[in-house]
Amino acid sequence: MSDIPEVTPAETWQALNEDPNAMLVDVRTDAEWTYVGMPDLSATGKPILPIAWQVFPAMAVNPHFVESLRAAGLTPGHRLYFLCRSGARSLAAARAARAAGFPAVFNIRDGFEGPLDAQGHRRTVAGWIASGLPWRQR
């Protein structure tokens, strides 16, 4: 059991629509945002906050991650929902945010693309896309 609460993509979508303090932080890389796609939050009236946890291509932890959260206008009063491809990087990012003074952090279970299916493909089993939530490609 994780020390960070896990929520489903559907629970995240509901929070983004109902809670004015709920914000989505997409911690994937520039390459993923560009080539895979991003959640489409236009119906919520909220921006998506793309703040990479790791920097592509070296995949070293972004040393400016917490600073970038604050620069985006996030405060300890926000409820932060962290998203990555499958839920691992977002958990690490949520832990770092909590350690930096953001008490209400959540990891989005199964991330944007979800786990691999029996054929080795993502997007079919679970995650933001498989849940039928809005998304777009750049």
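## Met 59 and its loop

Met 59 lies in the loop between strands S5 and S6, where strands, like helices, are DSSP runs numbered from the N terminus (at least two residues in state E for a strand, at least four in H or I for a helix). Although Met 59 is not a glycine, its phi is positive, at about 65 degrees. With a relative accessibility of 30%, Met 59 counts as partly exposed, a class that falls between buried, under 20% relative accessible area, and exposed, over 50% (1.4 Å probe, protein chains only). This is a predicted model, in which local features need pLDDT of at least 70 and side-chain atom pairs count only at pLDDT 80 or more, while totals for chains, interfaces and linings use all residues. Residues are numbered from 1 along each chain as its sequence is written, and side-chain values use heavy atoms, with hydrogens and water left out.

Pro 57 is also found in the loop between strand S5 (54–55) and S6, and a cis peptide bond with an omega of about 5 degrees joins Phe 56 to Pro 57. Asn 62 sits in the loop between strand S6 (60–61) and helix H3 (65–71), and it counts as buried because its relative accessibility is 13%. Leaving aside residues up to four places away in sequence, Asn 62 touches Ala 52, Trp 53, Gln 54 and Val 55, where a contact means heavy atoms within 4.5 Å.

Arg 123, which is not a glycine either, has a positive phi of about 80 degrees. Arg 123 is placed in the loop between S8 and strand S9 (135–136), and it counts as partly exposed, with a relative accessibility of 29%.

## Strand S8 and its partners

In strand S8 (residues 105–108), Val 105 and Asn 107 point one way while Phe 106 and Ile 108 point the other way, and all are buried. S8 runs parallel to strand S1 (residues 6–7), to which two bridges join it, and two strands are said to pair if DSSP finds at least two bridges between them. The bridge partner of Val 7 in S8 is Ile 108.

S8 also runs parallel to strand S7 (residues 79–83), with three bridges between them, and here Leu 80 stands opposite Val 105. Together, S7, helix H4 (residues 88–99) and S8 make a right-handed β-α-β unit; right-handed means that, with the strands pointing away from the viewer, the path from the first strand over the helix to the second runs clockwise.

## Nonpolar cores

The largest nonpolar core has 21 residues, and among those with the most contacts inside it are Leu 16, Tyr 81, Ile 108 and Trp 128. Such a core is a set of buried Ala, Val, Leu, Ile, Met, Phe, Trp, Tyr and Cys residues joined through side-chain atoms within 4.5 Å. Helix H1 (9–18), strand S2 (22–26), S7 and S8 each supply at least two residues of this core, and the largest share, three residues, comes from H1. Apart from this core lies another, of 20 residues, including Val 25, Cys 84, Phe 102 and Val 105.

## The chain as a whole

The chain contains four helices and nine strands. Its radius of gyration is 14 Å, close to the 14 Å that the globule rule gives for 138 residues, so the chain is as compact as a globular protein of that length; the radius is taken over C-alpha atoms, and the rule is 2.2 Å times the number of residues to the power 0.38. Buried residues make up 48% of the 138 residues.
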